[in-house]
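Colleague: I am new to this one. Could you please show me the sequence and the model, and then take me through them?

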Amino acid sequence: MMNHAPSFFRISPDELRLETFRSSGPGGQNVNKVATAVRLRFDVRNSLSLPSDVRDRLLHLAASRLTDAGVLMIEARRFRTQERNREDAVDRLMGWIDKAWQTPRQRRATKPTAGSRQRRLDAKKHRSATKRKRGAISGME
């Protein structure tokens, strides 16, 4: 089982669409005049760089960030420079791909132990007795 994408793995630059726009929030004139924020678009569904199993896991993992066409959108506006935001967006994309590269461990079916079953039954009997004691008292008139 691999923990992350292999070091030889590369995404073709043709598959990435980078778009810049003005960032919102504080920052004075720099924010008002310079397009420092970056929006990265990566077409997961039609990517030739990703193996099919990794592509399927990425589609599942990043479902809330995908468009209807299967394009993953990442906006980076953490830094003041466009270059740092571009690096941040690509790093975040690689983080998503690293997560998708990990194959989930198979769940092995287990049964409760005899002790845990007995403790459960004892707790149920104790609770039943407590509730029985709360009932109406008979013979008092």
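**A salt bridge and its surroundings**

Modeller: Glu-75 and Arg-39 are joined by a salt bridge between their side chains (2.9 Å, N to O). The term stands for a side-chain nitrogen of Lys or Arg within 4 Å of a carboxyl oxygen of Asp or Glu. This is a predicted model, in which local features need pLDDT of at least 70 and side-chain atom pairs count only at pLDDT 80 or more, while totals for chains, interfaces and linings use all residues. Residues are numbered from 1 along each chain as its sequence is written, and side-chain values use heavy atoms, with hydrogens and water left out.

Colleague: Where in the chain do Glu-75 and Arg-39 sit?

Modeller: Glu-75 is in strand β3 and Arg-39 is in strand β2, 36 residues apart, so the pair links distant parts of the chain. Helices (H or I, at least four residues) and strands (E, at least two) are DSSP runs, numbered from the N terminus.

Colleague: Which residues are in a network of salt bridges?

Modeller: Arg-39, Glu-75 and Arg-77 are linked in such a network.

Colleague: How many salt bridges does the structure hold?

Modeller: There are six salt bridges. Among them is the one between the side chains of Glu-83 and Arg-86, at 2.8 Å from N to O. Another joins Asp-88 to Arg-92, with the closest N and O atoms 3.3 Å apart.

Colleague: How far apart in helix α3 are Glu-83 and Arg-86, and Asp-88 and Arg-92?

Modeller: Glu-83 and Arg-86 are three residues apart in helix α3, so about one helical turn separates them. Asp-88 and Arg-92 are four residues apart in helix α3, which again means about one helical turn. An α-helix has 3.6 residues a turn, so residues three or four places apart point the same way.

Colleague: How many bridges join β2 to β3?

Modeller: Six bridges join these antiparallel strands. In one of the pairings, Val-38 has Ala-76 in β3 as its bridge partner. Contact means heavy atoms within 4.5 Å.

Colleague: What about the largest nonpolar core? How many residues has it?

Modeller: This core has 20 residues, and those with the most contacts inside it are Phe-42, Val-44, Leu-58, Leu-93 and Ile-97. A nonpolar core is a set of buried Ala, Val, Leu, Ile, Met, Phe, Trp, Tyr and Cys residues joined through side-chain atoms within 4.5 Å. At least two core residues come from each of β2 (37-43), α2 (52-61), β3 (71-76) and α3 (82-101). The largest share, six residues, is from α3.

Colleague: What is Phe-42 in contact with?

Modeller: Leaving aside neighbours within four places in sequence, the contacts of Phe-42 include Ile-11, Leu-16, Leu-50, Leu-58, Val-71, Leu-93 and Ile-97.

Colleague: Which residues in α2 are buried?

Modeller: Val-54, Arg-55, Arg-57, Leu-58 and Leu-59 are buried in α2. Their cover includes β2 and α3.

Colleague: Finally, how many helices and strands are in the protein chain?

Modeller: The protein chain has four helices and three strands, in the pattern β-α-β-α-β-α-α along the sequence. Of its 141 residues, 28% count as buried.

Notes: Buried < 20%, exposed > 50% of the residue type's maximum accessible area, 1.4 Å probe, protein only. Pairing = 2+ DSSP bridges.
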